[in-house]
Amino acid sequence: MRYSKVLIPTLKENPSDAEVVSHRLLLRAGFIRKLTSGVYNYLPLGLAAIRKVERIVREEMNRAGAQELLMPMVQPADLWKESGRWEQYGPELLRFTDRHEHESCLGPTHEEVITDLVRREVHSYRDLPLNLYQIQTKFRDEIRPRFGLMRGREFVMKDAYSFDASDQDADVSYQAMRDAYHRIFSRCGLSFRAVEADTGSIGGSFSHEFMVLAATGEDTLVICQACSYAANMEKARVRPPAGGGDEPVLLALERVETPGKRKVEAVTEFLGISPQQLVKTMVYLVDGRLVAVLVRGDHEVQPVKLKNLLGAVEVELADDDRVFAVTGVPTGYLGPQGLAIEVVADQEVMAMRNFVIGANEKNFHLKNANVGRDFSVAQSADLRQVTEQDRCAVCGGQLELTRGIEVGHIFKLGDKYSRAMQATFQDSEGVEQPFVMGCYGIGVSRVVAAAIEQNHDEHGIIFPLPIAPVQVVILPLGAKEAAITTAAETLYEELGRQGIEVMLDDRDERPGVKFKDADLIGVPYRVTIGKRFVQEGLIECRRRRDGQTETLPMTGAAEHLAGLIRAELAALAVPGRV
């Protein structure tokens, strides 16, 4: 690869519409160019990085026993209506009607298509287990595409689907994919963590997200410092309140005036209590109906936990006007007593005694309220966000909240799709049974962006070696020096024969421009051939990640570099590395 022959339109300045590091650097380094909102052209170096990820994914999926196929991007609405997701999935599903008035959609995922294929072709337990995967373009009509490849509308994804005869067999398939994902992201050279996650619109009984750890990540992760427990904020479990001890005396309910005190901080300061002694009433719109949620004053509701408790499709905080129209109570004074809407409570509220609530009257609150005596709740569960002050729900250890970027998600689906779509096989007794399914996704193009978020500096990208579009760049400094040009060409050919992916920067540019571009595009190893070669026969090799530099004689330099690269790749491919 010769720099002068490759389309690498680098930019000197940060694009004004790029909000995150990976978006800025992918544009500046000439890896991508925007076509329209959330849709990008992948230029040669960008595509090369994506192909590197694809190759690792394929090797590890095949190693785990999965088989590659390719399914259509356009999917008929009838399949989605069978599964019940045509209405459920929401506006991210791009629906359209063809000239024959047939409804279809652009595939954001392929559970329906693969289930239809397998129910037609697989009929016996003898054909199981089965795992099929593809690497294909997906489309999700995001309401606000942003962050370049991090949250686009069109993207490259690997999705796999397992079919088993029993829950026990499905657990084996799930673990095989979990192990494969650990190998994939290790081989990509990424620092990552598998965390418990909500199943969302895909459905199923449980799932794990694979998160690349990065300070710029858009997701908050909850990680125990003492055990292996980790979860995203939506799924993170709160340790149940401790029981035991003497039961406190229930004090008489007392109505107190709190003029103009609407916020938790104002009410608690006015009454001389802590936020832990107050219960706030938050009202949510749950599939079109209002539901009151009770949480302690210093805690926040986790909407996904509420959604799962109520089996809802959509949950959002209700606006003040709607709450007032239904309850007649202004914001800040609402309480659970006598409410005409359903009331649910966080588990910690159920253990509280003699706390403060809103009086459902402007400028008033109630002291010494108690669940059961003064009001009732329809349901209670863990409904709040975890905080760093909480202890691990598994071992009681200290929790750490950090940031991450989702690059993979695995689900145990059970029979959600096979039962809905009547996808069955005959078991060993000749009885028809629904397939037990799993699904496993990796955002291939997103992996490249996440790698940049995790690996960059003020000069540009620092690509992990396994997914770098080029492993070595040769910079001849002095295009008019025949000895330098000849040496550069010789090293270029020798590295190529060693199987190293090498680029020769043959442009007639100043050294500073070549150095800056090499750093910007993130090539892991840079070889400089300049005056020192003419004078002493020495060349300079610099590692992009840490700036470590060594001076080498030309003789044997290719073998030495190839050895460094092979050793680094081998270290990342150790089985079981997490």
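How many aromatic pairs does the structure hold? The structure holds 11, where a pair means rings of Phe, Tyr or Trp (its six-membered ring) with centres within 6.5 Å. I will come back to those after the setting.

This is a predicted model, in which local features need pLDDT of at least 70 and side-chain atom pairs count only at pLDDT 80 or more, while totals for chains, interfaces and linings use all residues. Residues are numbered from 1 along each chain as its sequence is written, and side-chain values use heavy atoms, with hydrogens and water left out.

First, the overall picture. The protein chain has 16 helices and 31 strands; these are DSSP runs numbered from the N terminus, with helices being H or I of at least four residues and strands being E of at least two. The C-alpha trace spans about 95 × 65 × 50 Å along its principal axes. Of the 578 residues, 51% count as buried. Buried means under 20% relative accessible area, exposed means over 50%, and partly exposed is in between, with a 1.4 Å probe and protein chains only. The areas themselves come from the Shrake-Rupley method.

Now the rings. A pair of aromatic rings is described by the distance of the centres and the angle of the planes. Planes under 30 degrees apart count as stacked, over 60 as edge-to-face, and the rest as tilted. The structure holds 11 such pairs, as I said. For F163 and F435, the centres are 5.6 Å apart and the planes are at 85°, so this pair is edge-to-face. F163 sits in strand β8 (residues 154–164) and F435 in the loop between β23 (432–434) and β24 (436–443), so the contact ties together parts 272 residues apart in sequence. F163 counts as buried, at 0% relative accessibility, and F435 is also buried at 0%.

The rings of F185 and F210 have centres 5.8 Å apart and planes at 35°, so that pair is tilted. Here helix α6 (residues 167–187) supplies F185 and strand β10 (residues 206–213) supplies F210, so parts 25 residues apart in sequence are tied together. F185 is buried at 0% relative accessibility, and F210 is buried at 0% as well. Both belong to one aromatic cluster, formed by Y181, F185, F192 and F210.

Next, charges. Side chains of opposite charge can pair when their charged atoms come close. There are 41 salt bridges in the structure, each being a side-chain nitrogen of Lys or Arg within 4 Å of a carboxyl oxygen of Asp or Glu. One of them joins E82 and R119, with the closest N and O atoms 2.9 Å apart. E82 is in helix α3 (residues 77–83) and R119 in helix α5 (residues 111–121), so to speak distant parts of the chain, 37 residues apart. E82 is partly exposed, with a relative accessible area of 34%.

R296 and D298 meet in a salt bridge at 2.7 Å, N to O, and D298 is partly exposed at 31%. D415 and R419 meet at 2.8 Å, N to O; D415 is partly exposed at 29%, whereas R419 counts as exposed at 53%. There is also a salt-bridge network linking E59, E60, R63, R183 and R187.

Last, the surface. D287, E314, E316, D319, D320 and D321 gather in a patch of negative charge. Patch residues have over 30% relative accessible area and no salt bridge, with like charges joined within 9 Å. Asp and Glu count as negative, and the charge is placed at CG of Asp or CD of Glu.

Technical notes:
Patches are made of residues with over 30% relative accessible area and no salt bridge: like charges are joined within 9 Å, nonpolar side chains (Val, Leu, Ile, Met, Phe, Trp, Tyr) within 5 Å. Accessible areas come from the Shrake-Rupley method with a 1.4 Å probe; for residues, only the protein chains shown count as cover.
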